[in-house]
Amino acid sequence: MSVYTTEIASDKIPSDNVIHQRLLSAYHQAKPFIKGDLLELGCGEGRGVELLAPLADSYIGIDKIKAVVESLEKKFPECKFMSGVFPPFPFEDNTFDSIVTFQVIEHVKDDEGFIKEIHRVLKPGGKALITTPNIKMTLSRNPWHEREYTGDELTVLCKKYFEKVEMKGIAGNEKVLEYHERNRISVQKILRYDFFDLQHKLPAGLLRIPYDILNRMNRNKLKSTDDELVKSISVNDFSLQSQSEQNLDLFCLLTK
């Protein structure tokens with residue numbers, strides 16, 4: 001099963017390519033940290049399973065969309081998948097050597113409980129990796145997100161349960177930043193019609209459908225305006241960098 005919304009970027013939709021490559025880059029950056037028993041919280045359509053599962057002794061992925069989980073079970077029979085909403089997690093204390101959760105925490109209502117549970121199920125010496133959008137680079141309110149963070153805000157949250165917190169970020173090169181700037185200009189043209197600042201005043205549930213429609217229209221417009229730029233951006237145009245307000249995503253490394 002495939003879920004084609006602008007919130008779940010697809011490698012099968014050409015206008016999603018930049019977002020897909022950005023999300024995929026986190027899995028490449030995670031590879032040196034993966035060992036032992038691996039848990040992925042919010043595995044989605046399995047973007048990173050082929051990259052990370054071979055590096056681990058075992059892989060378990062959890063996602064809330066049951067149909068997607070069932071599809072992944074058929075595609076990756078050597079891995080284990082579960083459907084469910086978290087926190088909490090259905091595992092014993094000190095179960096996993098590695099945990100990855102990419103572009104998930106911004107969707108979780110109880111973010112503190114989420115971090116607490118990660119700490120609980122991680123083995124001593126184990127590592128957890130979290131990515132989430134850097135609010136400093138966000139172009140508009142995303143009604144699918146409960147909240148977004150600065151690097152400092154996420155660090156403070158994680159330090160409630162982890163003594164060792166290393167904040168980095170996923171950054172883009174000149175091509176990526178050119179796309180981001182074109183996107184910013186295009187979004188601002190749309191938002192100039194929001195005379196009453198409804199994007200911040202209306203309940204999130206009322207905004208999701210118009211947000212998805214306008215977001216898809218915007219991505220298609222950016223592709224039609226410069227198709228070569230959109231098609232040419234690959235995972236190699238993103239890199240792991242020190243903490244900066246210019247990073248597109250936060251990349252947080254937690255050690256228990």
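Is Phe 114 buried or exposed, and what is its relative accessible area? Phe 114 is buried, with a relative accessible area of 0%, where buried means under 20%, exposed over 50% and partly exposed in between (1.4 Å probe, protein chains only).

The structure is a predicted model, in which local features need pLDDT of at least 70 and side-chain atom pairs count only at pLDDT 80 or more, while totals for chains, interfaces and linings use all residues. Residues are numbered from 1 along each chain as its sequence is written, and side-chain values use heavy atoms, without hydrogens and water.

An open sheet of mixed pairing is formed by 8 strands in the order β3-β2-β1-β4-β5-β8-β6-β7. Strands (E, at least two residues) and helices (H or I, at least four) are DSSP runs numbered from the N terminus, and two strands pair if DSSP finds at least two bridges between them. The edge strands, β3 (80-83) and β7 (238-242), each pair on one side only. Strand β6 (residues 164-172) runs antiparallel to β7 and is joined to β7 by 5 bridges; Ala 171 stands opposite Ser 239 in β7.

Aromatic rings of Phe, Tyr and Trp (its six-membered ring) pair if their centres lie within 6.5 Å; planes under 30 degrees apart count as stacked, over 60 as edge-to-face and the rest as tilted. The count comes to 8 aromatic pairs. Among them, Phe 76 and Phe 81 form a tilted pair, 6.4 Å centre to centre with 45 degrees between the planes, and both residues are buried. The pair of Phe 89 and Phe 114 is edge-to-face because the ring centres are 6.0 Å apart and the planes stand at 90 degrees. This pair links distant parts of the chain, with Phe 89 in the loop between β3 and β4 and Phe 114 in helix α4 (residues 111-121), 25 residues apart. Phe 89 also counts as buried, at 5% relative accessibility.
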